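The following exercises concern a strand and its surroundings, and then a pocket. Please examine the model shown here before reading the solutions.

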Amino acid sequence: MSTILITGATSGLGRYLAFELVRAGHLVLAHGRDTARTERLVEELRTEGTAEGFVADLASLARVRELGARVAEAHPDLDVLINNAGVGSGTPGSGREVSADGHELRLAVDYLAPVVLSRALLPTLRARPSARIVNVGSAGQEPLDFDDPELTRGYDGVSAYRRAKFALAAHTFTLAEELRDTGVSVNVLHPATYMDTAMVREGGVSPWSTVADGAPGVLALATRETGSGGYFDGTRRARAHEGTYDPDVRKRLSTVTDQLLAL
């Protein structure tokens, strides 16, 4: 059985995945932002199997790096990273928010945090046979404006969320190419549309599907051989926004990402 880290495991899809994976016999490392909620989750998970909790605020890149270091030290046997945690579009009409580092919040949590955590854990994952990184993305994708990646002009929460998910998909494909022949697979998926989560309800949307609908695609990528560099709609291989495959776009994204992380 595998050792699997799930970010954003205290609610929604992450919580559902944690229970499914524990029941299947995997060791689940459950990440949460809140200490009390994370501890409660781990207590519940341990009635079903083996679990440990890790607390970190992913809106702080320093905390993300610390999370990676703590997991790597405690679990050199880490097999799978599921980058599931995210911030939705916010309440309709709400203004632009920034992270602890001053980055636009959706870009920070939905894109920069998975990039930083994946990088921090890559040495550990590369030492394992058939390690996997699963990025929970979205079918809602919108190209970044590289002249204004932090969306300081004409801010819109839905656009900010979609731009972060576009970046996550494009980054996934770039990372998959970098890790070719290393044994580490990297894939991104849209789990299901408008699942019944706090994130969706906060956005003023009536849920179309359940977290149970979104789980099979993530579970398949986390536990089965599915290749690398793919985009999936649920369990079905699909196509991300065409811009995410553009080599020039991906090169510019890598440059901008490194610049943002250096700030």
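**Exercise 1: the setting of β6**

Both faces of strand β6 are covered: S185, N187 and L189 on one side, and V186, V188 and H190 on the other, are all buried (under 20% relative accessible area with a 1.4 Å probe, protein chains only). The model is predicted, with local features needing pLDDT of at least 70 and side-chain atom pairs pLDDT 80 or more, while totals for chains, interfaces and linings use all residues. Residues are numbered from 1 along each chain as its sequence is written, and side-chain values use heavy atoms, without hydrogens and water.

Task: determine why β6 is largely enclosed by the rest of the structure.

Solution.
1. Six of the six residues of β6 (185-190) are buried, so the strand is largely enclosed. Strands are DSSP runs of E, at least two residues, and helices runs of H or I, at least four, numbered from the N terminus.
2. β5 (residues 132-136) pairs with β6 in the parallel sense over five bridges; pairing requires at least two DSSP bridges. Here N135 stands opposite V188.
3. β7 (residues 231-233) runs parallel to β6, joined by three bridges, and F232 stands opposite L189.

**Exercise 2: a pocket lining**

Task: state which element gives the largest share of the lining of the second largest pocket.

Solution.
1. The lining residues include Y111, H171 and R250; each lining residue has an atom within 4 Å of a point on a 1 Å grid over the protein atoms alone, a pocket being an open set of points where a 1.4 Å probe fits, with protein on both sides within 12 Å along at least five of seven lines.
2. α4 (105-126), α5 and α8 (247-262) each give two or more residues.
3. The largest share, five residues, comes from α8.

Methods
Buried means under 20% relative accessible area, exposed over 50%, partly exposed in between (1.4 Å probe, protein chains only).
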